[in-house]
Amino acid sequence: MSEQTEQAEQMNVFEPHEWRHKTIVAGTEWKNLVGTASGTFQLDACGDYYDVSQMGAICTKGVSPVPWEGNPSPRTAESPSGMVNAVGLQNPGVDHYLIDELPRLKKLGAMVITNVAGHSDEDYTQVVEKLADSEADMLEINVSCPNVSHGGMSVGTDPVVLSRLIKHLRTLTDKPMIVKLSPNVTDIVQIAHAAVDAGADALSLINTLVGMRIDINTGKPIIANRTGGVSGPAIFPIALSFVWRVRQAIPDIPIIGIGGIDSGEKALEYLYAGANAVEVGAAALFDPTAPMRVARELDDLLDSRPELAAKLAKGQTW
Ligand SMILES: Cc1cc2nc3c(=O)[nH]c(=O)nc-3n(C[C@H](O)[C@H](O)[C@H](O)COP(=O)(O)O)c2cc1C
């Protein structure tokens, strides 16, 4: 047992648990059906509350070719049943990620989804090239961030631009490639088809919805970026409908459902909507144990749904 694993076990607030239900997403086997959502997991903070190697997958914060400072503060605001954020993809860059965070996660034994961020095709290219021979288990291409001025969401809202980028990235890596879709589009099904036809192995949806809060004392936006991305329970029914619509249109593509999940019951709704796995985001910022708690609740709920559990364990869609 590694030193870190031993440490995690000592601090783990959960009783030991034997996973009974797994899933397969684009050829990768998850020990349970729940991962952490990008930007809401930090090894140094979350490792104090649960053994991160016991999550289905750990999805990292977006990784860019060089360090990015993100947006000016204030970068978050509360909103009814959730939050608005405009962190703006702050991260220490791919070189730092490769020598620091990724080895630490792999040493613990976690399955790692590396979230890839970019302002341009060149940015995405540089990051994917550097990750192609890394220990990352899957890449998640974030073409959907509403808080960056170039790239990000604009790539994810134009099927032609998206298709060109994903076709190009497909030539750079054999790793399973997830494309993370934006809800800020007119027709999610058209965008999903463009990603899959261009070579995506799986889709994750959704990223945050554009929103804002205003300070009524000043009459000005609370967030320095003015607008940000809304996440948390408020977006749950919206995100669920996106997963359902894409599943109806594309029966075979693995889907990771994201948005407003804070309980095993909500995660289960995603599975019935057509997801093969889920990720827990903002809930972890309010309660750091949320991803592990949701994973355990879902494991229990699947005991009484053997038909659904068996399909997902084989990597089949519902
Ligand atoms: C503070 C914060 C930072 C985020 N950073 C990223 C990111 O770097 N890359 C990304 O693809 N999504 C990012 N997201 C979006 C989440 O991964 C997720 O898609 C979204 O919050 C919806 O899920 P939730 O309602 O469970 O939070 C971020 C979300 C939050 C709240």
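**Exercise 1. An aromatic pair**

Work out how many aromatic pairs the model holds by the centre-distance rule, and say where the partners sit and how they are oriented.

*Solution.* 
Step 1: count. With ring centres required to lie within 6.5 Å, the count comes to one aromatic pair. Keep in mind that this is a predicted model.

Step 2: name the partners and check the geometry. Phe236 and Tyr270 are the two residues, with 5.7 Å from centre to centre and 65° between the planes. Planes over 60 degrees apart count as edge-to-face, so Phe236 and Tyr270 form an edge-to-face pair.

Step 3: Phe236 belongs to helix H9 (residues 236-249) and Tyr270 to helix H10 (residues 264-273), so the pair ties together parts 34 residues apart in sequence.

Step 4: look at accessibility. The cut-off for buried is under 20% relative accessible area. Phe236 has 9% and is therefore buried; Tyr270, at 0%, is buried too.

**Exercise 2. Helix H10 and what follows it**

Decide whether H10 is enclosed or open, then describe the glycine that comes just after the helix.

*Solution.* 
Step 1: tally the burial. Seven of the 10 residues of H10 are buried, so the helix is largely enclosed by the rest of the structure.

Step 2: list them. The buried set is Gly264, Lys266, Ala267, Leu268, Tyr270, Leu271 and Ala273.

Step 3: find what they pack against. The buried residues of H10 meet H9, strand E15 (255-258), E16, helix H12 (290-303) and helix H13 (306-313).

Step 4: check the surroundings of Gly274. At 2% relative accessibility, Gly274 is buried. Setting aside neighbours within four places in sequence, Gly274 contacts Val243, Arg247 and Ile255.

**Exercise 3. Two helices side by side**

Describe how H5 and H7 pack: what are the angle and the distance between their axes, and which residues meet?

*Solution.* 
Step 1: get the two numbers. Two packed helices are described by the angle between their axes and the distance between the axes. For helix H5 (residues 121-131) and helix H7 (residues 159-170), the angle is about 25° and the axes are 10 Å apart.

Step 2: classify the angle. Angles under 35 degrees count as roughly parallel, and that makes H5 roughly parallel to H7.

Step 3: The crossing of H5 past H7 is right-handed.

Step 4: read off the contact. On the H5 side you'll find Asp121, Tyr124, Thr125 and Val128; they meet Arg164, Leu165, His168 and Leu169 of H7. Sorted by class, the contact has four nonpolar, two polar and two charged residues.

**Exercise 4. Trp68 and its neighbourhood**

Trace what surrounds Trp68, and say which backbone feature Leu89 shows.

*Solution.* 
Step 1: locate Trp68. This residue is in the loop between strand E4 (57-59) and strand E5 (76-79). Its relative accessible area is 13%, so Trp68 is buried.

Step 2: collect the contacts. Not counting residues up to four places away in sequence, Trp68 touches Leu89, Gln90, Asn91, Ala117, Gly118, His119 and Asp123.

Step 3: follow one contact. Leu89 is 21 residues from Trp68 along the chain, and their C-alpha atoms are separated by 7.0 Å. Leu89 lies in the loop between E6 and helix H3 (94-99) and is buried, with a relative accessible area of 6%.

Step 4: check the backbone. Leu89 isn't a glycine, yet it has a positive phi of about 60°.

Key
Residues are numbered from 1 along each chain as its sequence is written. This is a predicted model: local features need pLDDT of at least 70, side-chain atom pairs count only at pLDDT 80 or more; totals for chains, interfaces and linings use all residues. Side-chain values use heavy atoms; hydrogens and water are left out. Axes are lines fitted to C-alpha atoms, for helices over the stretch in contact, and angles run from 0 to 180 degrees between N-to-C directions. Helices (H or I, at least four residues) and strands (E, at least two) are DSSP runs, numbered from the N terminus. Angles under 35 degrees count as roughly parallel, over 145 as roughly antiparallel, 65 to 115 as roughly perpendicular and the rest as oblique. A crossing is left-handed if the near helix is turned anticlockwise from the far one by less than a right angle, and right-handed if clockwise. Contact means heavy atoms within 4.5 Å. Ala, Val, Leu, Ile, Met, Phe, Trp, Tyr, Cys and Pro count as nonpolar, Asp, Glu, Lys and Arg as charged, and the others, Gly among them, as polar. Rings of Phe, Tyr and Trp (its six-membered ring) pair if their centres lie within 6.5 Å; planes under 30 degrees apart count as stacked, over 60 as edge-to-face and the rest as tilted. Buried means under 20% relative accessible area, exposed over 50%, partly exposed in between (1.4 Å probe, protein chains only).
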